[in-house]
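User: I'm new to this one and would like to know where the labels come from. Could you walk me through it?

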Amino acid sequence: MKFIENLLVNPSGLGKKTAKSAKKKLKLLKAVYELDNASVNDLMKSLTLSFPTLNNLMVELVSNNYLTQHDRGESLGGRKPNLYQLTDGLFKVLTIEINRKSIRFSVVDNNSIILFAAQEFPFELSTDIKELPSFLQLTKKYIKEQKINLDQISGISISMPGLVDRSTGENFTYFYEPGFILEKHIEHEFNKPTKIINDAKVATLAEQFYGKLKKKNNALVIRLDWGISLGIVANGEIYLGKDGFSGEMGHISFINEGELCYCGKRGCLETLVSGTALVNKAKQDIENGTPTLIVSRYNNTELTPEHIIQAAMDGDQYAIQLISELGGKLGRAISLLMQLFNPETIVLSGSFARSSMLMITPIQQQIQTYSMSKIATGCSLQVSNLCENGQAFALARHFINTYFEDRIEMN
């Protein structure tokens with residue numbers, strides 16, 4: 001990390017030759033990180049550098065302990081090639097996953113090693129900027145309890161729902177106030193480079209590198225928790241849109257004169273297909289006397305989607321019916337997305353992934369009903385199998401990628 005920073009302490013003060021060399025090193029480090037387990041041949045193709053130039057750079061970076069040579073790769077004949085990756089702990093990223101009802105913290109390095117134990121806290125995400133101090137206090141609590149030395153942290157990477165501006169890190173949905181830029185505020189509060197990304201985008205990044213979307217060029221990720229959101233992969237790249245607001249699936253107007261959504265519109269998909277919609281329906285039915293295991297297990301005022309999912313997994317007929325009906329509505333929405341995007345794969349992620357066996361059949365029925373056969377048969381419906389740290393790994397990757405991009409541009 002120090003080596004990378006030293007290259008850019010005063011870019012304008014570097015000599016032309018030194019600055020050019022620094023930029024090559026940054027690009028090389030970025031390429032190694034993106035390729036992972038990269039051979040010299042892989043890097044020559046990626047960077048279009050001659051072997052002597054690349055070899056000199058590699059020798060210097062290895063000798064300074066910024067690149068590590070490890071297991072040899074597969075060979076097409078002859079000696080197996082040496083493989084390289086960034087040295088463990090070169091970047092140490094504080095990752096923060098902000099959800100509607102909780103926050104999860106962890107510290108992850110550039111090789112997806114958890115450096116400090118992940119910890120989750122209950123937290124009610126608010127649109128009101130007055131609630132921001134409670135988030136900052138929780139962050140400081142985690143840092144203190146884990147005895148994290150912030151001087152050793154490369155930066156902070158945050159995922160959260162809402163309209164997150166791709167350029168500024170401003171969230172127009174949560175902790176919002178006109179003229180207030182959340183990313184800059186957190187950066188100033190902790191004196192660390194900070195990146196904020198929409199939760200559906202980072203879920204898609206996680207699937208690309210660690211999950212079901214490896215080597216997939218055109219795909220969708222539907223993240224279903226308290227809300228519902230969409231990640232889009234087009235031609236191998238995550239599609240962000242002009243401002244980064246792509247994938248607001250939950251706020252597509254789905255029915256006329258429907259329930260009022262928190263966004264101010266009526267009939268949004270999220271009022272029908274989301275953890276919030278599921279909980280609201282269950283609470284109403286329970287108050288009206290519907291028999292269900294949920295009543296004996298959980299307090300109605302504190303009901304969560306996970307409670308209903310668990311009841312369904314334990315065989316509760318009412319909970320099974322609720323989730324099945326939700327799956328049918330989701331299937332109708334998916335059929336529309338298939339017509340628009342013609343994806344090769346759709347991945348279901350989020351807390352509802354573990355109840356997918358109850359949703360798959362109604363989803364597929366709706367797809368068969370509302371999608372053109374040629375499009376439907378060419379698309380695979382998958383369920384995310386990411387480990388619990390998958391989102392944190394993707395957050396670290398997002399930070400490191402943008403870190404390299406920003407500094408290469410500076411130089």
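User: Leaving aside its neighbours within four places in sequence, which residues is Ala-333 in contact with?

Analyst: Keep in mind that this is a predicted model. Apart from neighbours up to four places away in sequence, Ala-333 is in contact with Met-249, Phe-254 and Leu-269. Ala-333 itself sits in helix α11.

User: What makes Ala-333 count as buried?

Analyst: Buried means under 20% relative accessible area. Ala-333 has 6%, so it is buried.

User: How far apart are Ala-333 and Leu-303, in sequence and in space?

Analyst: They are 30 residues apart along the chain, and 26 Å separates them in space, going from C-alpha to C-alpha.

User: Are Cys-268 and Cys-379 buried or exposed?

Analyst: The cut-off for buried is under 20%. Cys-268 has a relative accessible area of 1%, so it is buried. Cys-379 comes in at 14%, so it is buried too.

User: And what about Asn-342: why is it called partly exposed?

Analyst: Asn-342 has 48% relative accessibility, so it counts as partly exposed. You'll find Asn-342 in the loop between α11 and β11. Asn-342 also has a positive phi, about 50°, although it is not a glycine.

User: Where does Asn-65 lie, and what is its phi?

Analyst: Asn-65 is in the loop between α4 (51–63) and β1 (67–70). Its phi is positive, about 65°, and Asn-65 is not a glycine either.

User: Let's turn to α10. Which of its residues are buried?

Analyst: Helix α10 covers residues 305–313, and its buried residues are Pro-305, Ile-308, Ile-309, Ala-311 and Ala-312.

User: How do you know where those buried residues fall, seen down the axis of α10?

Analyst: Looking down the axis of α10, you see its buried residues within an arc of 160°, so they line one face of the helix. Among the elements covering them are α8 (275–287), α9 (293–297), α11 (317–341) and α12. Just past the end of α10 comes Gly-315, with a positive phi of about 100°.

User: What lines the largest cavity?

Analyst: Its lining consists of Ile-222, Leu-224, Leu-330, Leu-348, Ser-349, Phe-352, Ala-353, Ser-356 and Met-359. Two or more of the lining residues come from each of β8 (219–224), β11 (345–349) and α12 (356–370). By class, there are 7 nonpolar, 2 polar and no charged residues.

User: How does the lining of the largest pocket divide by class?

Analyst: That lining has 11 nonpolar, 19 polar and 14 charged residues. The largest pocket holds about 1,100 Å³ of space. Of its 44 lining residues, Asn-99, Arg-223, Asp-225, Gly-350 and Ser-351 lie nearest the centre. The largest share of the lining, 3 residues, is from α7.

User: Which element gives the largest share of the lining of the second largest pocket?

Analyst: There it's α14, with 6 residues. This pocket has a volume of about 870 Å³. It is lined by 29 residues, and those nearest its centre are Leu-240, His-398, Asn-401, Thr-402 and Glu-405. By class, the lining has 8 nonpolar, 10 polar and 11 charged residues.

Note on methods:
Residues are numbered from 1 along each chain as its sequence is written. This is a predicted model: local features need pLDDT of at least 70, side-chain atom pairs count only at pLDDT 80 or more; totals for chains, interfaces and linings use all residues. Side-chain values use heavy atoms; hydrogens and water are left out. On a 1 Å grid over the protein atoms alone, a cavity is a set of points where a 1.4 Å probe fits but cannot get out, and a pocket is an open set with protein on both sides within 12 Å along at least five of seven lines; lining residues have an atom within 4 Å of a point. Helices (H or I, at least four residues) and strands (E, at least two) are DSSP runs, numbered from the N terminus. Ala, Val, Leu, Ile, Met, Phe, Trp, Tyr, Cys and Pro count as nonpolar, Asp, Glu, Lys and Arg as charged, and the others, Gly among them, as polar. Buried means under 20% relative accessible area, exposed over 50%, partly exposed in between (1.4 Å probe, protein chains only). The arc is that of the directions from the helix axis to the C-beta atoms. Contact means heavy atoms within 4.5 Å. Grid points are joined across faces, edges and corners, and a volume is the space filled by probe spheres set on the points.
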